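Thanks for coming, everyone. I'll keep this short. Please have the sequence and the model on your screens.

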Amino acid sequence: MWKIVGCSAFLFLCTQTAQAAVVIHEVAWMGGEDSANDEWIELYNDEPSSVSVDGWVLSDGMGLEVALAGAVGAGQYAVLERTDDNSAPGSAFLIYTGALTNGGATLSLRRTDGSLEDQVAGGENWENIGGDNTTKETAQLTSGGWVTGAPTPGKQNVTTGTPQETEEEDNKVASSNQTRSSSSGNSKQKTILSLPDVDLELEIVAPELVYVNQPVSFSVEPSGIGEVAMDSLRYQWNFGDTYEEEGNEVQHTYRYPGTYVVSVRGEFSYHEQTARREITVLPVSFSLTRNQAGDVQINNDAPYEIDLSGFTIKGTKSVTLPERSFLLPNGTITIDKDRLEDRRHSMVMLYDQADVVVASTYSGIREALASSQPLKTLVVEETLSPTPLPLAQALVPTAPTDSFSFNNQEKIPSKEPQDDVANSADFDDVALVSAATATDSLPLEWPYMALIGLLTISILGLFAGKHRNE
């Protein structure tokens with residue numbers, strides 16, 4: 001049974017409510033069927049986006065002040081419950097202590113700067129908005145104004161019904177009698193948040209296996225509490241490698257292999273919970289070779305499958321591997337040399353998702369990636385496939401090169417500088433020039449032998465001159 005209550009003086013208040021983003025939506029000033037202390041107040045966000053209520057205050061002008069925190073999602077309800085989370089069905093957005101007087105009050109919702117967001121003048125015995133202390137029906141805001149109806153905490157309010165004036169008058173008398181018997185009407189009360197048992201649960205959503213320098217997406221799924229409270233949770237992540245991040249959905253890249261413990265902490269009001277899980281970061285091991293036609297082959301040298309999604313192989317042109325590009329253990333993917341415009345067998349490199357070089361068609365680069373020495377020079381000795389070399393070239397020994405490597409993957413050349421190197425010269429020609437120079441060089445011992453010879457000749461010359469003088 002619904003009862004419509006209204007007055008012409010309330011038109012101004014209705015106009016204010018329509019302009020507010022977060023409105024006072026339902027008031028259970030009479031408590032519930034189990035206890036008169038089970039009072040609660042519902043807020044509603046009628047905006048298309050979430051509204052933060054951090055620092056906002058809801059007051060009745062008679063000493064009750066409820067400090068708000070968190071955010072009310074778009075089209076969501078926030079139920080403020082008195083004393084504990086049992087005052088209304090569902091999970092409370094906030095718990096407060098204090099009481100609403102049955103004699104009526106004006107509820108004001110103010111923003112952090114003190115400006116008014118919404119205001120409802122209940123009038124004497126709440127006659128302006130309704131509610132029934134006998135049936136425990138609540139005062140609810142609808143498109144047609146305030147009505148009295150069955151409680152709907154956290155849900156859509158009842159629709160407008162037919163006015164029932166007689167029952168409305170009876171309700172006023174009952175409310176008036178209740179007012180006279182109430183001893184808490186004008187007492188000054190300050191809100192104190194209570195901490196009931198925590199029902200919040202968190203679950204981390206993330207892959208179990210990832211790779212070095214691969215961006216990893218993490219998210220958390222809360223449960224066990226109301227939707228509005230879940231939307232207001234704040235999350236703090238610890239990725240287990242000294243790095244932290246905030247947010248419901250985050251990304252992180254591990255630079256070193258290992259097994260890490262990832263944890264996330266969620267907090268809002270009295271809700272607080274921590275979840276954790278382990279994540280294994282695997283190293284990558286690739287090599288680049290060519291087949292007899294000169295096409296480039298990506299080889300997975302690791303004993304496990306690797307996801308190459310987002311990897312880029314770059315010659316004169318580049319090819320980025322699409323999503324779900326999985327390479328089996330010891331598997332191979334062949335890239336047509338024409339796609340890279342690699343007709344002259346220039347150096348080709350494989351970059352991971354962090355733009356770090358993980359493989360090259362030149363053996364020196366591959367040795368560098370597996371070493372811990374700093375890079376000293378760029379080696380241009382390419383290991384070609386099973387394709388036989390011309391006899392004259394095969395007989396030319398290769399020049400000795402300095403050992404080198406990267407201290408860490410950050411020192412590996414980026415795509416752009418490497419591009420210039422790859423496009424500026426024919427590396428096969430450079431390799432042959434280096435080899436020819438090495439062939440013409442004398443052994444490293446010859447300077448010492450020459451010096452000994454000169455000293456011997458000088459000493460013999462001195463003795464010969466002395467003998468002639470005698």
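Let me start with one residue. Is N125 buried or exposed? N125 counts as buried, because its relative accessibility is 12% and the cut-off for buried is under 20%. N125 lies in the loop between β11 and β12. Its phi is near 60°, a positive value in a residue other than glycine.

Keep in mind that this is a predicted model. How confident is the predictor? The mean pLDDT of the protein chain is 74. Of its residues, 67% reach 70 or more. Over residues 1-18, pLDDT stays under 50. The model still has 49 contacts for that stretch, beyond four places in sequence. Over residues 161-198, the pLDDT is below 50 as well. That stretch has 62 contacts in the model, beyond near neighbours in sequence. Where pLDDT is low, the predicted coordinates should not be read in detail. Please treat those contacts with that in mind.

Now the overall picture. The protein chain has 470 residues, and 43% of them are buried. There are eight helices and 30 strands. Take the contacts between residues at least 6 apart in sequence: 61% of them join residues at least 24 apart. The chain exposes about 24,400 Å². Carbon and sulfur atoms supply 52% of that area.

Next, the inside. In soluble globular proteins, nonpolar side chains tend to be buried together. Which residues touch the most other members of the largest nonpolar core? They are I24, L68, L80, F93, F218 and W237, out of 64 residues in that core. Strand β2, residues 22-28, gives the largest share of this core, with five residues. There is also a second, separate core of 20 residues. Among its members are I313, L340, V348 and A359.

On to a run of strands. Strand β5 covers residues 57-59, and strand β10 covers residues 106-110. The two pair in the antiparallel sense, over three bridges. V57 stands opposite R110 in β10. β10 also pairs with strand β11, residues 116-121. That pairing is antiparallel too, over five bridges. There, the bridge partner of R110 is L116 in β11. So much for the pairing; now the turn. The hairpin of β10 and β11 has five residues between the strands. One of its residues, G114, takes a positive phi near 90°.

S59 sits in strand β5. S59 is buried, with a relative accessible area of 17%. Beyond four places in sequence, S59 touches L64, E65, T106, L107 and S108.

Back to the loop between β11 and β12. K136 lies in that loop. Phi of K136 is near 65°, again a positive value in a residue other than glycine. K136 counts as buried, at 15% relative accessibility. D132 is found in this loop too. D132 is buried, with a relative accessible area of 6%. A polar atom of the D132 side chain lies 2.7 Å from the backbone nitrogen of T134.

Another aspartate. Where is D85? D85 lies in the loop between β8 (77-82) and β9 (94-96). Why does D85 count as buried? Because its relative accessibility is 18%, and buried means under 20%. The D85 side chain reaches the backbone nitrogen of A92 at 2.9 Å. D85 and I95 are 10 residues apart in sequence, with their C-alpha atoms 6.8 Å apart in space. Further contacts of D85 include G90, S91 and Y270.

Last stop, T316. T316 is in the loop between β25 (312-314) and β26 (318-320). At 31% relative accessibility, T316 counts as partly exposed. A polar atom of the T316 side chain lies 3.2 Å from the backbone oxygen of E341. K337 is 21 residues from T316 in sequence, and 9.9 Å away in space, C-alpha to C-alpha.

That's my tour. Questions, please.

Definitions and conventions: Residues numbered from 1 in each chain as written. Predicted model: local features only at pLDDT ≥ 70, side-chain atom pairs only at ≥ 80, totals over all residues. Heavy atoms only, no water. Core = buried A, V, L, I, M, F, W, Y, C linked by side-chain atoms within 4.5 Å. Buried < 20%, exposed > 50% of the residue type's maximum accessible area, 1.4 Å probe, protein only. Helix = DSSP H or I, 4+ residues; strand = E, 2+ residues; numbered from the N terminus. Contact = heavy atoms within 4.5 Å. Areas by Shrake-Rupley, 256 points an atom, 1.4 Å probe, with all protein chains shown as cover. Pairing = 2+ DSSP bridges. pLDDT = per-residue confidence, 0-100. Polar contact = N/O pair within 3.5 Å; in protein donor to acceptor, adjacent residues only side chain to side chain.
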